[in-house]
Amino acid sequence: MLAPGLGEVRDLLVDAKPGWLVLATALEGLSFVSYLVMFGPIFCTGLTWNRSWQIGGSELAMGSLVPASGAGGLALGAWVLHRGGMGGERIARRSVAFFMIKSGVNFVAVALLGFVLAVGLVGPDLSLWLTALPAALATLAIGAVALLPRFGPGERPEPDASRMERWISATRRAVIEGTGEAGKILHRRHPAVIAGAIGYWAFDNFVLWATFHAFGVSPPLTVILMGYLIGQLGGALPLPGGIGGIDLGLIGTLIVYGAPAAATAAAVLAYRIILFWLPLVVGGIAFALLRRDMPTGQEFAACQAAIAKESLPVMSSAGAG
């Protein structure tokens with residue numbers, strides 16, 4: 001039986017162990033901080049911690065309301081950086097680079113974990129459909145993204161080009177050049193970027209691990225990690241708070257991987273409550289402070305990313321702002 005009974009889920013929620021829920025909340029706080037740690041180096045190496053907190057925290061608050069894989073939050077951050085004088089093309093490239101690095105950790109983890117599960121190096125014993133297939137798909141996705149820069153940014157549109165042609169051209173340049181910048185950042189192994197990206201992913205996974213324990217269930221960590229990425233795909237839907245998309249994706253995926261239905265529903269519900277409210281409340285404070293001290297003028301005009309010395313020649317030849 002895949003569908004958990006509401007009564008059983010309700011009973012589990014009533015009997016939740018507070019200590020594990022407190023730990024889950026603390027882990028989500030560490031995931032929040034990890035996002036801020038990687039934000040500064042990717043967008044601006046000279047960004048103060050206060051600015052990283054204000055802008056990055058506001059992005060996470062927006063992401064709670066409209067997840068869409070974090071696109072809503074990045075759009076807010078792009079608007080703030082543009083008000084501070086950063087060029088539009090530069091913002092677009094770095095937003096793509098940030099998204100690629102942040103999301104890429106999930107795909108690398110599934111590729112590696114799926115492989116070791118498939119060959120039996122770790123348990124539990126699952127079918128190849130649940131191990132080798134996700135690993136292969138994740139590997140193909142990583143390979144496809146790595147090949148994107150080879151297509152080149154394309155020719156810039158003529159002055160009399162239509163708005164749609166200009167938009168398509170700008171989007172292509174942002175994706176191609178942003179993916180290239182992501183690769184260069186990773187190649188330089190900037191410690192804050194690496195630690196932030198892994199921390200943002202790992203601590204969020206451990207929130208779900210802790211909420212399972214809050215209801216007296218401890219499925220293998222490998223199951224939680226494998227179910228996390230596939231289930232999180234529902235977050236790509238632009239639903240308010242991700243309600244329905246992430247929840248059903250996580251519950252369904254984790255049950256397929258063998259987690260008990262009722263405990264999974266309770267654990268995911270607790271996870272989603274923490275994931276929604278902590279970034280919204282803490283990030284809301286950051287947004288309130290940002291509104292009182294909104295950047296203007298040329299504060300971010302001279303900002304360079306973690307790859308500034310390597311990317312400057314490329315940006316100059318592309319006419320980047």
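The largest nonpolar core of this predicted model has 77 residues. Ile42, Phe98, Ile101, Leu208 and Phe212 have the most contacts inside this core. A nonpolar core here is a set of buried Ala, Val, Leu, Ile, Met, Phe, Trp, Tyr and Cys residues joined through side-chain atoms within 4.5 Å. Helix α11 (residues 261-292) gives the most to the core, with 14 residues. Buried means under 20% relative accessible area, exposed means over 50%, and partly exposed lies in between, with a 1.4 Å probe and protein chains only.

This is a predicted model, in which local features need pLDDT of at least 70 and side-chain atom pairs count only at pLDDT 80 or more, while totals for chains, interfaces and linings use all residues. Residues are numbered from 1 along each chain as its sequence is written, and side-chain values use heavy atoms, with hydrogens and water left out.

**Overall build**

The protein has 12 helices and 0 strands. Helices (H or I, at least four residues) and strands (E, at least two) are DSSP runs, numbered from the N terminus. Of the 321 residues, 48% count as buried. The accessible surface comes to about 15,200 Å². Carbon and sulfur atoms hold 70% of that surface. These areas come from the Shrake-Rupley method with a 1.4 Å probe; for residues, only the protein chains shown count as cover. Contact means heavy atoms within 4.5 Å. Among contacts between residues at least 6 apart in sequence, 78% join residues at least 24 apart.

**Around Ile42 and Phe98**

Ile42 is in contact with Arg94, Phe98, Ile101, Ile185, Val193 and Ala305, leaving aside its neighbours within four places in sequence. Phe98 also takes part in aromatic pairs. Rings of Phe, Tyr and Trp (its six-membered ring) pair if their centres lie within 6.5 Å; planes under 30 degrees apart count as stacked, over 60 as edge-to-face and the rest as tilted. By this rule the count comes to 9 aromatic pairs. Two of them are tabulated here.

| Pair | Centre to centre | Angle between planes | Type |
|---|---|---|---|
| Tyr35 and Phe98 | 5.0 Å | 70 degrees | edge-to-face |
| Phe39 and Phe98 | 6.0 Å | 70 degrees | edge-to-face |

Tyr35 lies in helix α2 (residues 18-43) and Phe98 in helix α5 (residues 88-118), so their pair ties together parts 63 residues apart in sequence. Phe39 also lies in helix α2, so its pair with Phe98 in helix α5 ties together parts 59 residues apart in sequence. Both Tyr35 and Phe98 are buried. Phe39 is buried as well. One aromatic cluster is formed by Tyr35, Phe39, Phe43, Phe98 and Tyr200.

Val37 lies in helix α2 too. Val37 is partly exposed, with a relative accessible area of 29%. Beyond its neighbours within four places in sequence, Val37 is in contact with Trp49, Ala192 and Gly196. The C-alpha atoms of Val37 and Ile194 are separated by 9.4 Å, although the two are 157 residues apart along the chain.

The expected span of a helix is 1.5 Å times one less than its number of residues. Helix α4 (residues 71-83) has 13 residues and should span 18 Å; its end C-alpha atoms are 19 Å apart, which agrees. Buried residues in α4 are Gly73, Leu74, Leu76, Gly77, Ala78, Val80 and Leu81. They pack against α2, α3 (49-65), α5 and α11. Gly85 follows α4, with a positive phi near 100 degrees.

Helix α7 (residues 163-188) has 26 residues and should span 38 Å; its end C-alpha atoms are 37 Å apart, which agrees. Its buried residues include Arg173, Glu177, Glu181 and Ile185. Just after α7, Arg189 takes a positive phi of about 55 degrees.

**Two further sites**

Thr264 sits in helix α11. At 0% relative accessibility, Thr264 counts as buried. A polar atom of the Thr264 side chain lies 2.6 Å from the backbone oxygen of Pro260. Leaving aside neighbours within four places in sequence, Thr264 is in contact with Phe212, Ile251, Leu254, Ile255 and Ala259.

Leu221 is found in helix α9 (residues 221-232). Leu221 is partly exposed, with a relative accessible area of 32%. Not counting residues up to four places away in sequence, Leu221 touches Phe206 and Trp209. Leu221 and Phe206 are 15 residues apart in sequence and 8.8 Å apart in space, C-alpha to C-alpha.

Notes. A polar contact is a pair of N or O atoms within 3.5 Å; within protein, one must be able to donate a hydrogen and the other to accept it, and residues adjacent in sequence count only if both atoms are side-chain atoms.
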